Amino acid sequence: MTTPQPERAVVVGGGLAGITAALELAGAGLAVTLVEGRPRLGGLAFSFRRGELTVDNGQHVYLRCCTAYRWFLDRVGGAHLAPLQHRLDVPVLDVAHPRGPRLGRLRRTALPVPLHLAASLSTYPHLSLAERASVGRAALALKKLDPADPALDGVDFATWLGRHGQSARTVEALWDLVGVATLNATAPHASLGLAAMVFKTGLLSEPGAADIGWAHVPLGELHDTLARKALASAGVRVETRTKAESVTRAESGGWRVEVGGETLDAEVVVLAVPQREAHDLLPHGALDDPGKLLDIGTAPILNLHVVYDRKVLRQPFFAALGSPVQWVFDRTESSGLAGGGQYLAVSQSAAQDEIDEPVAALRARYLPELERLLPAARGAGVRDFFVTRERTATFAPTPGVGRLRPGAHTNAPGLYLAGAWTATGWPATMESAVRSGFSAAGAALAVLGRSHAHPLQEAA
């Protein structure tokens, strides 16, 4: 008696979405091959070597409410390498205040929502008393919104904030402080639906939801090294430097994926690649209107990397007001820097105006700004200054984008979509990417008749 062969799956794309889909499909008994055109896994959250440093292409953080990404960290054995804060605590430095630099903090207590932030907001020095009161009223109104309501998708966040009494200063010092980092857009360019999802989930769901976590090792250790080990343990065949050239229907009714001289046959294919690449690989008729994928815009993130000859920052990170600088992180230990200096990463989201500026111009602008923010930097020597640019870092969360984002299913049986840009309900984050991998794998397994519990429901 012959043993039936397991169904085969090909996952195209080795970012977080593809890794997640591959792990889930393999865990359900499928024979999975993952192909990735780059020499590494991790998608747009990766590391590279620069001299003695191991450098992340950009600073990535997650929140306690990011349950899917936390599952991913547990699944690859890396949760201890990317710990969460015990409690939300964000230093916010304003160097443009008329009475001199002022340091405030956004932090929570253990009190229930919304009282967990009340003490912090009541003393937040970057807003007037009236502005602080207006924030509370807007937060209560925000809590009543349903982020899944299609009507919210067509409204920009700035318009809603204006209708709810938020001054330009309040938007700058609070709403955009959080929103730019999570949405990669300022309030006028952000869908109210996505903004409501971020703020309701992160700040208004449970007291610890917005506690921040970040990798204390290079991202490549989590998203490439540990991910490869997890995939290998699950029996997934991983082929890097292998680009999918076409996806076509086989005569048998399955799928054929052409990957540079080799044909991979499969019953299931997951396209876990950026929206434009997915558009080019989709066979005719797989989506009713594939052109919508090309209408999903992209937004850049610029990262500036500065290596000083001495320690200039004593906090692990801070956010800035009154300066073009947005967020600054200490990456000294994780990068492997030796010799007593300090390596800072400056993360600049929604960087459309600066993404193509020459390094010399960025250096001339930002080194003096860091000296304004950090007095200890004024006498420090700069060992190195370099720039990483992700021109298509995220999909643009513009009003109306929700109607463009497809779900995991396509019209073609056995073909599924994954990626942070698909209809996860989240903005373009690591959380969204992992959730999309869950959705694609779950959809495939349901059609195959495989019993499969959603990982987050299983964990609960």
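Colleague: Which residues line the second largest cavity?

Modeller: Keep in mind that this is a predicted model. A lining residue has an atom within 4 Å of a cavity point. For the second largest cavity, these are His-60, Val-61, Tyr-62, Tyr-69, Ala-82, Gly-213, Trp-214, Ala-215, Leu-219, Leu-222 and Met-430.

Colleague: How many charged residues does that lining have?

Modeller: Tyr, Trp and Met count as nonpolar, and Gly counts as polar. The lining of the second largest cavity has nine nonpolar and two polar residues. The number of charged residues there is none.

Colleague: Which elements each supply at least two residues of that lining?

Modeller: Val-61 and Tyr-62 are among the lining residues, and strand E5 spans 61–63. Leu-219 and Leu-222 also line this cavity. The elements are strand E5 (61–63), strand E8 (212–214) and helix H9 (219–233).

Colleague: How many cavities of 30 Å³ or more are there, by count?

Modeller: The largest cavity holds about 50 Å³ of space. With the cut-off at 30 Å³ or more, the count is two.

Colleague: Which element gives the largest share of the lining of the largest cavity?

Modeller: The lining includes Thr-54, Val-55 and Asp-56. Strand E4 covers 53–56. The largest share, three residues, comes from E4.

Colleague: How many charged residues line the largest cavity?

Modeller: Asp and Arg count as charged. Asp-56 and Arg-331 are among the lining residues. Alongside three nonpolar and six polar residues, the charged ones number two.

How values were computed
Residues are numbered from 1 along each chain as its sequence is written. This is a predicted model: local features need pLDDT of at least 70, side-chain atom pairs count only at pLDDT 80 or more; totals for chains, interfaces and linings use all residues. Side-chain values use heavy atoms; hydrogens and water are left out. On a 1 Å grid over the protein atoms alone, a cavity is a set of points where a 1.4 Å probe fits but cannot get out, and a pocket is an open set with protein on both sides within 12 Å along at least five of seven lines; lining residues have an atom within 4 Å of a point. Grid points are joined across faces, edges and corners, and a volume is the space filled by probe spheres set on the points. Helices (H or I, at least four residues) and strands (E, at least two) are DSSP runs, numbered from the N terminus.
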